Amino acid sequence: MISQEIIPYPIIPQKKLFQSNSVDEFLEIFEDVLDLDLENGMDLDFLIDTKMESDKISPTLVLAKHTDAKVIANICKECYDGTYPYKEIEDERMVKKMIESPDNHFILFEINGEVAGCFRCALDFEHKKGYSGGFMIKKKYQRILDVTKSIIGSYAWMWKTFKNEILVWYCENRTAHAASQYITSVCGINTVAFFPNKDVFYDQIESDVMGVIYREKTLKKYRDRKTPVLIKNALDSFLHCDNLYNLGNFQLASPDLDLNYDKILELQKAFRKDLITDKYGYGYHQFFIRGTKSYFNFLHTSQIQNFEKTKYYVDSLEELYVFLEEFLKSMNENIIRYSEVFVSAFSPEHQQLFYEFGFRARGYVPCWNYNKTEKKFEDYVVFNYFEGPVPQAELLPIGQELVDLLSIQINP
């Protein structure tokens, strides 16, 4: 009888995973472990060294094709009992369009040939940023599928495949439980911002946390080295990130906003706005001032009563004042519970004006905005506004540290 040698799977120390501080360090751990071939299916042939042995099933990871759109839409409907607020993911035709676009990729988790779940990345090649999310598992495979290894394999493929094009990766994690925060933290993703009352899942209001991870050269080579100038309200958020990334010097400022109210009156007369809505309940708002290049755009997600993805450009504080007046008016008209905007860490006057309009700094994101002219990333402060009591949030220590710094009252 010929004996066959059993080749043991590589064992990855859990501690080593948590210590990876960049995309590069994470990929080094798995470069000789995983065959990153999603076209033919990627097996997760490794073990994680933990105190408890896992009896969970490791799926095979496969890159979704347009023919998988119906499966993905059905997983979403089943997983959230039809209450998922982002209805485009429940629409087979829209998911098909996303799969066919080079900007979106869905990874399927297969067990014995059946799709057990999925994960998605959305790529912004122009600004060198990638978003990951939409992690969903069929109910019959929940608590059976090894979610940690599934996400590790997904990130390994994403980060390796787009290593040269995407320099910043971010995600938003739920806080009703700490599971998704834990899984992303295993991969080296750090919590840098808190979004109180931003989301609604299973018809219940929830807060989110934002996590980021970088290529090593992003912070070392491409981060704009100008000194951040921050108002006092943004200091705690900066210090939280400085503890993670050793960001260096900063300046505190107390801007005296000397606004020209005669100019504001003239600008108000030239103010215009536009709104485009779609069948999924999204409203695309555009503010502008006739005769200028200034604009203020944001997305209204009516299903969860929030304004997000705010982008603006102004030539003066008076223009920003007019936009913010209208922004708050729109918030009241639409009964908005949560809104957010990312403000440059080099614009203390803008930070102060948002503060005076009721927004508060609840995060700091190094290298958030890519300046194509300078070929540098600029740091941004996360300002947000929310209504109502903040529900119980299950947070990892790093998230709890941030929330404690921000002195946010969370209801038990």
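A salt bridge is here a side-chain nitrogen of Lys or Arg within 4 Å of a carboxyl oxygen of Asp or Glu. By this rule, the predicted model contains 18 salt bridges.

**Salt bridge within a helix**
- Glutamate 100 pairs with lysine 96, with 2.8 Å between the closest N and O atoms.
- The two residues are four positions apart in helix α4 (residues 92–100), so about one helical turn separates them.
- Glutamate 100 is partly exposed at 47% relative accessible area, and lysine 96 is also partly exposed, at 32%.

**Salt bridges between strands**
- Lysine 198 and glutamate 172 form a salt bridge whose closest N and O atoms are 3.2 Å apart.
- This pair links distant parts of the chain, with lysine 198 in strand β9 (residues 190–201) and glutamate 172 in strand β8 (residues 168–174), 26 residues apart.
- Lysine 198 is buried, with a relative accessible area of 1%, whereas glutamate 172 is partly exposed at 25%.
- Arginine 174 and glutamate 206 meet through their side chains in a salt bridge of 2.5 Å, N to O.
- Arginine 174 belongs to strand β8 and glutamate 206 to strand β10, 32 residues apart in the chain.
- Arginine 174 counts as buried at 16% relative accessibility, as does glutamate 206 at 6%.
- Shared partners join Glu172, Lys198, Glu308, Lys309 and Glu340 into one salt-bridge network.

**Serine 207**
- Serine 207 lies in strand β10 (residues 204–214) and is buried because its relative accessibility is 1%, under the 20% cut-off.
- A polar atom of the serine 207 side chain lies 3.0 Å from the backbone nitrogen of asparagine 197.

Definitions and conventions:
Residues numbered from 1 in each chain as written. Predicted model: local features only at pLDDT ≥ 70, side-chain atom pairs only at ≥ 80, totals over all residues. Heavy atoms only, no water. Buried < 20%, exposed > 50% of the residue type's maximum accessible area, 1.4 Å probe, protein only. Polar contact = N/O pair within 3.5 Å; in protein donor to acceptor, adjacent residues only side chain to side chain.
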